[in-house]
Amino acid sequence: MKHGPPAVPEVAHDVNAADIRECLMRLAAGRSEGATYCPSEAARQLSREWRPLMQRVREVAAALVDEGLLVCTQKSEPADPLAAKGPIRLARVAKG
């Protein structure tokens, strides 16, 4: 019997929004307060063909930002994951 992490899907269309949401939140929870991560980290964990997944990852990230669960920045300034052009960073919301 094999143990270890689940297999990464070969193609991006095999990944659903719930999987993306869980991955984004897991990455945020694994960071210290104030630490950010690139959404491509989630895409890379979810699919070998991660680039086509990036728009969906940003869409789910935008929903999480709207829900107040994540913050999105670009060049250390608040940003909209869907409107921002170029790299963005995500982080969990600071407590307090």
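A disulfide here is a pair of cysteine sulfur atoms within 2.5 Å. By that rule the count in this structure comes to zero. Buried stands for under 20% relative accessible area, exposed for over 50%, and partly exposed for what lies in between, with a 1.4 Å probe and protein chains only.

Before we go on, please keep in mind that this is a predicted model, in which local features need pLDDT of at least 70, side-chain atom pairs count only at pLDDT 80 or more, and totals for chains, interfaces and linings use all residues. Residues are numbered from 1 along each chain as its sequence is written, and side-chain values use heavy atoms, with hydrogens and water left out.

Let us start with the overall layout. The protein chain has three helices and three strands, and from the N terminus on they run α-α-α-β-β-β. Helices (H or I, at least four residues) and strands (E, at least two) are DSSP runs, numbered from the N terminus. Of the 96 residues of the chain, 32% count as buried. The accessible surface comes to about 6100 Å², and 55% of that surface belongs to carbon and sulfur atoms; such areas come from the Shrake-Rupley method with a 1.4 Å probe, and for residues only the protein chains shown count as cover. Contact means heavy atoms within 4.5 Å. Among contacts between residues at least 6 apart in sequence, 55% join residues at least 24 apart.

Now to the sheet. Strands of a sheet pair through backbone hydrogen bonds, either parallel or antiparallel. In this model three strands form an open sheet in the order β2-β1-β3, with antiparallel pairing. Because β2 (77-78) and β3 (89-92) stand at the edges with a single partner strand each, one side of each is left without a neighbour in the sheet. Two strands are taken to pair if DSSP finds at least two bridges between them. Strand β1 (residues 70-74) is joined to β2 by two bridges: Thr73 stands opposite Pro78, and Gln74 has Glu77 as its bridge partner. On the β3 side, β1 pairs over four bridges, again in the antiparallel sense, and there Val71 stands opposite Ala91.

A nonpolar core is a set of buried Ala, Val, Leu, Ile, Met, Phe, Trp, Tyr and Cys residues joined through side-chain atoms within 4.5 Å. The largest one has 23 residues, and Ile20, Leu24, Tyr37, Leu53, Leu70 and Leu90 touch the most other members. The elements that give two or more residues to this core are α1 (17-29), α2, α3 and β1. Take Leu90 as a guide: leaving aside its neighbours within four places in sequence, Leu90 is in contact with Leu24, Ala35, Thr36, Tyr37, Pro39, Ala61, Leu70, Val71 and Cys72.

Two more places complete the walk. In the loop between α2 (39-46) and α3 (54-66) sits Ser47, which is buried, with a relative accessible area of 1%. Its side chain reaches the backbone nitrogen of Glu49 at 3.1 Å. That is a polar contact, a pair of N or O atoms within 3.5 Å; within protein, one must be able to donate a hydrogen and the other to accept it, and residues adjacent in sequence count only if both atoms are side-chain atoms. Finally, look at Ala29 in helix α1. Ala29 counts as exposed at 59% relative accessibility. Ala29 and Val93 are 64 residues apart in sequence and 10.0 Å apart in space, C-alpha to C-alpha.
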